[in-house]
Amino acid sequence: MSGEAKLPKEFLWGYATASYQIEGSASEGGRAPSIWDAFCKTPGKIRDGSSGDIASDSYRLWKEDVVLLTSYGVKAYRFSLSWSRIIPKGGRNDPINEEGIQFYRTLLEELLHNGIVPFVTLHHWDSPQGLHDKYGGWLNKDEIIEDYVNYAKVCFRAFGDIVQNWITHNEPWCVSLLGYGSGRFAPGHVGDTEHWIVAHNLLLAHAYAVKAYREEFKPAQGGQIGITLDCQWTIPYDDSPETTARALDFKLTRFADPIYRGQYPARVKTIIGDRLPEFSPEERAIVQGSSDFFGLNTYTTHVIQHDGDGDESVGFVKMGHTRSDGTQLGTQSEFDWLQTYGPGFRNLLNYLWKTYQKPIYVTENGFAVKNENNVTSQEAIHDKDRAEYFEQYTKALLQAVTEDGADVRGYFGWSLLDNFEWADGYLVRFGVTRVDYDTQRRTPKDSAAFLSKWFKDHIHG
């Protein structure tokens, strides 16, 4: 392999998870409900009527998870903290749960003992139900920012001596639009205005938490902090001006441009009008430049067409995977929105690096094999479509770094384990490790073996 292009020695790779999706033990260890606990109890919201009450049982089986990570040869692990496990009621004047602090501290120490670098996400969608009940959660700008920053500072104090990589929010687009627009995610609100308010407040909470870290903790702790945004590469269906003008992922720029450029894109302002909150001069100064890196969650590429009667939240485009000649981009997953298309990943990495000039960490990337939940465990571990997906996307990653010069410093496959897939419950599986939910037995899939070998072969020793 000596003559083949390789990633830098410092390149970090591993897997990602999220607290509500894997931990379980929802009412144990001092944890109080999050908005997802309440949402799951609403009939009809989760396809199979399930919840994260048990999930992949990682609150109890975390040592097995670390053993798995070590056996896979990863260099890093991205996971999230449960806000309501650390501050059960969530507020700045509410008690801190030392049992929750100790759980995460022990996990972090075990990761470091095994040479695994932790990437810690503060908020992966599961904000405390107590704050939602008290004042409306993310809709209440003044209260939620203060409570979120307080929570972040509690975490910086408790873990910052051994955590060098922080992520404030995971995918604020999903929190805002799916939670407060379509109602598909917690807390289940439907409307065309609230989600813009929530998105704005998420940006401000992120920025003020970063300000607190940089001013109060970074001088002694020396880490880095940023945010993870989700976006997909887009290909115009045709060369009409209406389509090509909308080729850029609308949900990317509405978050990335304030963070990296200091303002909402003109197109967002034009479409949303006075429903879009404005930053004060002070807020704009705090938001701009508030991420040390570009945290990227990406799964697929979309073929887009102009749709003047469509959804404003995605910029009046219709998204799919069918080219104008009728062919499909790639292999179909369990989800309509996800097909394999590695070249789009390469294009996206190059675009983000050239546009925002920040080092990139791919914080999620993965594939849900079609019908995987309907086959036996023995069949499921031979996950050919997922392995082929990772083969395409790692090739694209290598090309972007070694041929194109994109500054990509890490890659996290989604996900370490089969887990609770939000509104789809346990019907969809993304893990490179099969989880038998009856016994919680973990079994590595072929895709795990592929990634372990690929990164071993493609990172300089």
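Two residues are in contact here when heavy atoms of theirs lie within 4.5 Å. Keep that in mind as we walk through this structure, which is a predicted model.

Let's start with the whole chain. Its secondary structure comes to 17 helices and 13 strands. Along the principal axes, the C-alpha trace spans about 60 × 50 × 50 Å. For 461 residues, a compact globule would have a radius of gyration near 23 Å, and the chain's value of 21 Å agrees with that.

How is the chain held together in terms of contacts? Among contacts with a separation of 6 or more, 77% join residues 24 or more positions apart. Of the 461 residues, 61% count as buried.

Finally, let's zoom in on one residue. Which residue does UniProt list for "active site"? The unreviewed entry lists E364. You can find E364 in strand 10, which covers residues 360–364. Is E364 buried or exposed? Its relative accessibility is 4%, and buried means under 20%, so E364 counts as buried.

Who surrounds E364? Leaving aside residues up to four places away in sequence, E364 touches A16, R78, H124, N170, E171, L296, N297, T298, Y299, F412 and W414.

Definitions and conventions. Residues are numbered from 1 along each chain as its sequence is written. This is a predicted model: local features need pLDDT of at least 70, side-chain atom pairs count only at pLDDT 80 or more; totals for chains, interfaces and linings use all residues. Side-chain values use heavy atoms; hydrogens and water are left out. Helices (H or I, at least four residues) and strands (E, at least two) are DSSP runs, numbered from the N terminus. The radius of gyration is taken over C-alpha atoms; the globule rule is 2.2 Å times the number of residues to the power 0.38. Buried means under 20% relative accessible area, exposed over 50%, partly exposed in between (1.4 Å probe, protein chains only). UniProt positions are given in the numbering used here, feature names are shortened, and annotations may be inferred rather than shown by experiment.
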